[in-house]
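Q: I would like to learn how to read the features of a protein–DNA model. Could you take me through one, step by step?

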Protein chains: 4
Amino acid sequence: MKREKPKYKKIVDAAVSIIAQNGYHQAQVSKIAKEAGVADGTIYLYFKNKEDILISVFQEKMAVFADYVKEILEMDLPASDKLYKMIENHFKVLHDDRNLAIVTQLELRQSSKELRFRINEVLKEYLTLLDALLREGIDSGEFPADLDIRLARQMVFGTIDETTTSWVMNDQKYDLVELAPRVHKLLLSGMKG
Amino acid sequence: MKREKPKYKKIVDAAVSIIAQNGYHQAQVSKIAKEAGVADGTIYLYFKNKEDILISVFQEKMAVFADYVKEILEMDLPASDKLYKMIENHFKVLHDDRNLAIVTQLELRQSSKELRFRINEVLKEYLTLLDALLREGIDSGEFPADLDIRLARQMVFGTIDETTTSWVMNDQKYDLVELAPRVHKLLLSGMKG
Amino acid sequence: MKREKPKYKKIVDAAVSIIAQNGYHQAQVSKIAKEAGVADGTIYLYFKNKEDILISVFQEKMAVFADYVKEILEMDLPASDKLYKMIENHFKVLHDDRNLAIVTQLELRQSSKELRFRINEVLKEYLTLLDALLREGIDSGEFPADLDIRLARQMVFGTIDETTTSWVMNDQKYDLVELAPRVHKLLLSGMKG
Amino acid sequence: MKREKPKYKKIVDAAVSIIAQNGYHQAQVSKIAKEAGVADGTIYLYFKNKEDILISVFQEKMAVFADYVKEILEMDLPASDKLYKMIENHFKVLHDDRNLAIVTQLELRQSSKELRFRINEVLKEYLTLLDALLREGIDSGEFPADLDIRLARQMVFGTIDETTTSWVMNDQKYDLVELAPRVHKLLLSGMKG
DNA sequence: CATGAATGAGCATTCATTCAT
DNA sequence: AATGAATGAATGCTCATTCAT
């Protein structure tokens with residue numbers, strides 16, 4: 001499995017670092033290679049092309065979110081509390097890795113339409129888990145039976161995303177995690193109709 | 001006033017059309033000029049550079065949203081109804097101009113960070129109007145007095161934006177405007193807490 | 001005679017001024033037109049093209065040098081004294097019109113090969129007068145009978161030109177005219193063999 | 001040391017050839033690359049930009065002049081003979097490489113003011129060596145003790161330069177080297193006062 | 001596995017000149 | 001005579017990818 005090889009990980013981390021520092025359009029393959037301590041050509045032993053590096057960045061990092069949501073789902077808690085934990089975790093991960101926040105909220109969005117479709121596929125797993133959480137709430141009677149899951153998911157994700165982007169654009173100068181309770185309350189009210 | 005000259009408008013419209021058809025990175029100035037029926041050099045009599053065209057696209061089109069929200073604000077209606085009209089209008093404008101929807105939701109987001117900061121400034125007017133609407137609802141007692149306006153605005157805009165992007169990414173194959181009542185209900189519940 | 005019309009002169013003077021201030025490559029026709037207070041198109045009523053303006057600049061200004069040398073030649077003086085007057089005048093004209101010095105010594109030399117050939121033709125009149133002066137000196141016995149006039153002329157003009165260019169390149173910070181006696185002495189010795 | 005790599009030399013030689021054939025303004029980077037037998041991009045592995053190629057042309061070729069003058073200075077000869085050898089060498093190098101003569105006397109002079117300042121810095125070494133030669137002549141009593149070295153140097157270089165430019169402009173149709181004795185005699189007389 | 005020198009396609013912008021008014 | 005809006009040709013440089021070693 002190539003993604004377990006040390007150079008694979010080195011290159012992905014170098015990409016996050018270089019993109020966060022220099023911006024998407026200034027993140028040349030040669031810069032990433034240098035940061036990773038490998039030759040330019042070596043990149044192509046691990047990745048098909050530059051786009052493939054960026055998709056991998058997203059996959060690797062999104063996995064962290066998804067894995068935690070999976071854990072949350074298996075806990076013995078009301079759906080509402082699970083939603084809270086999910087929001088808090090989302091904010092916490094990005095708050096703790098500010099380079100990653102810059103990359104996911106700002107830089108990666110200026111990639112090509114094609115890349116963004118690929119990124120969306122990666123996002124889908126996360127969104128599917130969110131759907132599962134919402135369904136759980138409906139089944140348990142916490143959320144209304146007629147809740148439109150797709151719309152609710154778009155509200156939850158849209159709000160989280162907009163909140164995070166806003167925080168990044170304001171130079172991350174306030175505490176994102178502190179917003180979790182209020183965001184949770186807002187979304188919960190939305191859901192409960 | 002150069003933005004009233006017919007060529008100015010022609011070029012802006014050509015830009016929307018070319019970007020929607022070819023994507024942001026394939027929207028060369030020469031293509032836009034050809035579509036607008038002017039010489040390449042003529043573009044530079046009306047715009048400082050390529051980025052300036054794109055900012056103008058956004059400004060011109062966003063003005064349509066903002067102007068309508070201004071109208072709405074002056075109507076004699078409960079804040080909740082005004083919010084509904086705003087959502088419906090937002091969906092309607094993008095539903096009726098699908099090229100514009102592609103450009104604002106997908107293509108313009110892959111522009112440089114600098115351009116996106118400029119675009120955000122244009123967005124601010126829209127968001128400020130939204131803030132005014134929310135405040136109105138608080139003052140009238142429709143929305144809770146302790147509503148965090150910034151968060152609420154991020155929820156409203158984030159939900160609308162995510163819903164629209166999702167619709168565009170699904171090839172605009174369902175009716176976006178029909179979603180308005182449900183989105184409105186969701187958001188209203190969120191607000192009311 | 002078009003060159004007597006006021007706009008003709010205005011444009012030539014504007015060209016000297018704009019080239020001296022902005023440099024040859026930054027002296028666009030539109031800038032010259034603006035400085036001259038006419039429309040861009042008007043330039044083309046008086047000049048065939050941009051190159052024609054520059055040639056005219058040279059012609060108009062070189063005429064001043066040539067006219068004075070003609071006067072000198074008609075004076076009743078030894079050739080050696082005439083040479084002195086010529087050098088002094090050359091230095092004086094450029095010392096008094098520093099913009100002109102910048103234009104002739106630096107800026108106009110970065111014009112195309114073709115333009116420089118045309119400029120050289122204008123120079124030829126000046127050089128022919130210099131030849132006449134040298135011949136006078138030979139005929140009068142002041143200069144050796146076997147003086148190679150072409151070489152001598154190249155020495156005289158080359159020295160004057162190099163001295164002036166050197167002065168311009170040193171930001172005209174010393175007095176060029178004061179060099180005349182020493183330059184004259186040097187050249188005279190050279191001639192006398 | 002990149003300037004010893006074969007491609008570096010190939011590109012410099014190609015530049016001289018292309019500029020001589022096509023003129024400065026028609027010497028596109030792609031033409032130079034083709035003549036050198038490398039890809040356009042390869043140029044930029046060896047040179048910072050186009051201007052850097054031109055400066056390098058001058059540096060490489062001027063080094064030949066300077067190196068020979070250094071050799072001359074170390075010979076056991078009167079200053080007058082050294083001056084003769086210097087003039088003869090200058091003429092000989094340009095006589096034998098006519099493309100180089102065209103490039104240095106005509107084409108490179110139409111480069112930007114900035115480039116010409118850079119070129120002048122390269123020239124300075126040559127002129128400094130010439131100053132050393134003149135000083136030697138003064139010390140040995142061959143030249144007058146009150147010789148103004150700066151002026152004398154401007155006379156020597158101005159004359160050589162004007163003679164060469166004149167020869168190039170006349171399509172190099174006579175023998176430049178044959179002029180050496182006469183130019184030497186003229187300059188020597190000038191110096192001796 | 002790893003290297004890194006070499007490749008070459010692709011594009012925004014300027015500005016001399018024209019010509020309808 | 002004078003205007004100035006419109007034209008459109010022309011080019012230096014970057015950087016993702018390859019491949020001989």
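A: Let us begin with a definition: helices (H or I, at least four residues) and strands (E, at least two) are DSSP runs, numbered from the N terminus. Please keep in mind that this is a predicted model, where local features need pLDDT of at least 70 and side-chain atom pairs pLDDT 80 or more, while totals for chains, interfaces and linings use all residues. Residues are numbered from 1 along each chain as its sequence is written, chains are lettered from A and ligands numbered from 1 in the order in which they are written, and side-chain values use heavy atoms, with hydrogens and water left out.

Q: Which helix holds both D:Lys70 and D:Asp67?
A: Both lie in helix 4 (residues 50-73) of chain D, three residues apart, about one turn of the helix. The term means a side-chain nitrogen of Lys or Arg within 4 Å of a carboxyl oxygen of Asp or Glu. By this rule there are 36 salt bridges over all chains.

Q: What distance separates A:Lys82 and A:Glu136 in their salt bridge?
A: The closest N and O atoms of A:Lys82 and A:Glu136 are 2.7 Å apart. A:Lys82 is in helix 5 (residues 79-96) of chain A and A:Glu136 in helix 7 (residues 113-139) of chain A, so this pair ties together parts that are 54 residues apart in sequence.

Q: Is A:Lys82 buried or exposed?
A: Buried means under 20% relative accessible area, exposed over 50%, and partly exposed in between (1.4 Å probe, protein chains only). A:Lys82 is buried, at 2% relative accessibility, whereas A:Glu136 is partly exposed at 27%.

Q: Which residues are closest to DNA strand E?
A: A residue is near a strand if one of its heavy atoms lies within 4 Å of it. For DNA strand E, 29 residues surround it, and the closest are A:Lys5, A:Lys7, A:Thr42, B:Gln28 and D:Thr42. Helix 3 of chain A supplies the largest share of this surface, five residues. Of the atoms of DNA strand E within 4 Å of the protein, 71% belong to sugar or phosphate and the rest to bases.

Q: What does B:Gln28 place 2.2 Å from a phosphate oxygen of DNA strand E?
A: A polar side-chain atom of B:Gln28 lies there.

Q: How many residues surround DNA strand F?
A: There are 28, and among the closest are A:Gln28 and C:Thr42. Sugar and phosphate make up 72% of the atoms of DNA strand F that come within 4 Å of the protein. A base is contacted as well: a base nitrogen of DNA strand F is 3.1 Å from a polar backbone atom of C:Gly41. C:Thr42 has a polar side-chain atom 2.5 Å from a phosphate oxygen of DNA strand F.

Q: Where does the charged end of A:Arg150 sit?
A: A charge sits over a ring if NZ of Lys or CZ of Arg is within 6 Å of the ring centre and within 35 degrees of the ring normal. The charged end of A:Arg150 sits over the ring of B:Tyr174, 4.4 Å from its centre.

Technical notes
Polar contact = N/O pair within 3.5 Å; in protein donor to acceptor, adjacent residues only side chain to side chain.
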